[in-house]
Amino acid sequence: RIPTNTNSFTALPYPPLMMGRPDPEDLKSIRATLLQPFSAMATCQTGEETTDAEMRVYCAYSLPAVILLFGGSNWERDGLKSCFLDLIRKVGNGSDGDGGDSNNPPPLPVKRCLASSVHAVAHMLGPEIVSRDKEFLASFEVSFLSDSDEAIRLNMLKNLASFIGSLPPGDGVGHRNYYLPIIHSTIMGEDVLGAAKIRSASNPGVLNWRQRDAVARVMPDLIVLYDAALVREYLWPILKTLLSDSVSIVREDAGWSIPVILRKYAKATRETDANVSIKEVIDWLKETHLDDVDDNPLVRKSTRHRKKQMVASEGAFSKRQGYCRILAAVALVMRMDENNSNNAGFPNESRKKEAPYPPIDPFGPLSPSERDRFRSIVVDDLLPPALEMTVDCVANVRLTLTKCLKMLPVDIRKESHVEEVLSTLEEELMTWDVGNTLPLNDAASAMGAGGGGGVNSSDPPATQRMVDGVIMTPTMSAC
């Protein structure tokens with residue numbers, strides 16, 4: 001039954017989603033008959049460990065839906081808070097009944113399930129309740145974020161920005177700024193980013209690249225939650241580590257945070273701080289990805305000499321590809337909403353307002369002033385070193401550069417020196433025996449340069465040919 005505006009009830013042929021609160025009489029009946037048995041599953045002790053563990057998993061899986069049904073503001077009164085805390089506490093062995101046997105931690109499936117939904121519970125409770133609930137906040141820090149189980153940490157890291165976004169801005173316990181140093185120390189610790197340095201076949205930490213990738217993916221949403229000074233102190237060191245990771249997908253996903261952090265720095269209160277922070281990012285990218293080849297005047301003497309200079313850093317060609325992908329990410333942010341009728345910037349007045357909950361979109365349209373700042377960064381700082389890669393000795397670098405230049409905003413791409421380089425690269429690529437697999441005529445399809453490649457995974461039969469009994473694919477022919 002669904003209540004209508006006339007206080008009557010209308011039966012629908014399907015269960016509606018988010019169409020108002022259920023009938024108060026139905027809630028009263030459920031609270032009286034089902035709520036207490038549901039909460040009891042969190043401390044169920046039948047004497048059979050398997051049955052007890054299954055009951056707790058069922059309870060943990062359904063808990064967010066029950067909180068949503070009765071409302072987050074009532075979760076302590078309805079006993080759902082104690083149910084949540086019972087699920088993450090150590091459980092008894094059934095013989096002493098004290099529920100505190102240190103040899104019986106909560107079943108891993110229970111904590112893994114709750115780690116995936118604790119951010120949703122926080123949003124249901126609201127910032128006022130969450131910021132005052134010390135037990136709930138302690139569970140986030142101790143039971144989930146710092147847990148020794150990799151799957152629990154991974155589930156928490158995937159939704160870390162959403163959880164932090166449920167807290168009110170400001171300092172002090174229960175506010176966003178208070179947990180930033182904790183997040184920094186946890187992520188930079190041995191269990192997450194520090195595990196990348198471990199080289200032991202018996203240590204599962206060496207396989208935790210998925211945790212590092214989860215951090216890379218959540219970084220843009222974390223950056224928008226804090227001011228420029230805190231981002232520079234706590235999040236920028238994390239991003240530098242991710243951009244230097246040994247796994248390519250981690251580096252590629254981390255690259256999407258560069259335009260977000262540049263945008264955050266550009267909004268700094270003082271223009272001096274903004275310029276210093278932006279210069280720090282650009283200088284670091286050049287130093288780590290280009291080996292300062294753009295600062296060497298010898299690389300500009302001749303085409304042959306430039307190719308010779310690139311040979312010394314040939315082993316770091318993946319870094320040069322990464323630099324091109326970062327430039328492409330910055331270019332794509334500039335092109336967000338470029339086809340809107342109101343030209344660049346925010347499409348309507350409502351987009352100018354930044355609501356604290358939920359946080360703003362890190363890849364939202366740029367304002368006119370932001371776009372001018374980004375254009376200056378691209379044209380004056382990021383683009384010139386990339387254009388030097390026109391004569392790179394590694395073909396994949398030139399291919400990535402081509403895709404990158406195709407994604408530049410039209411006004412930058414049409415500049416004479418850029419147009420000349422792009423034309424040269426396209427002419428070279430047309431000489432490759434690669435069929436129609438290169439995205440030379442469609443900038444939209446070239447987005448693979450920022451996230452995983454624009455070459456088809458399978459070759460059409462027309463582009464395959466036989467050489468000495470071996471079927472040669474276009475990629476093999478190009479090599």
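**Helix packing and burial in a predicted model**

Helices α11 and α14 are roughly parallel to each other, because their axes cross at roughly 15° and angles under 35 degrees count as roughly parallel. The structure is a predicted model.

**Pairing of α11 and α14**

- Helix α11 comprises residues 209–223 and helix α14 comprises residues 257–266.
- The axes of α11 and α14 come within 9 Å.
- The crossing in which α11 passes α14 is left-handed.
- On the α11 side, the contact involves A216, M219, P220 and I223; on the α14 side, it involves S257, V260, I261 and K264.
- By class, the contact of α11 with α14 has six nonpolar residues, one polar residue and one charged residue.

**Helix α17**

- Helix α17 spans residues 317–334 and has 18 residues.
- From its first C-alpha to its last, α17 reaches 26 Å, which is close to the 26 Å expected at 1.5 Å a residue.
- Of the 18 residues of α17, 14 are buried, so this helix is largely enclosed by the rest of the structure.

**Residue D253 in α13**

- D253 lies in helix α13, which covers residues 248–255.
- D253 counts as buried because its relative accessibility is 14%, and buried means under 20%.
- When neighbours within four places in sequence are left aside, D253 is in contact with D213, A216 and R217.
- A216, one of these contacts of D253, is also among the α11 residues that meet α14.

Technical notes: Residues are numbered from 1 along each chain as its sequence is written. This is a predicted model: local features need pLDDT of at least 70, side-chain atom pairs count only at pLDDT 80 or more; totals for chains, interfaces and linings use all residues. Side-chain values use heavy atoms; hydrogens and water are left out. Axes are lines fitted to C-alpha atoms, for helices over the stretch in contact, and angles run from 0 to 180 degrees between N-to-C directions. Helices (H or I, at least four residues) and strands (E, at least two) are DSSP runs, numbered from the N terminus. Angles under 35 degrees count as roughly parallel, over 145 as roughly antiparallel, 65 to 115 as roughly perpendicular and the rest as oblique. A crossing is left-handed if the near helix is turned anticlockwise from the far one by less than a right angle, and right-handed if clockwise. Contact means heavy atoms within 4.5 Å. Ala, Val, Leu, Ile, Met, Phe, Trp, Tyr, Cys and Pro count as nonpolar, Asp, Glu, Lys and Arg as charged, and the others, Gly among them, as polar. The expected span of a helix is 1.5 Å times one less than its number of residues. Buried means under 20% relative accessible area, exposed over 50%, partly exposed in between (1.4 Å probe, protein chains only).
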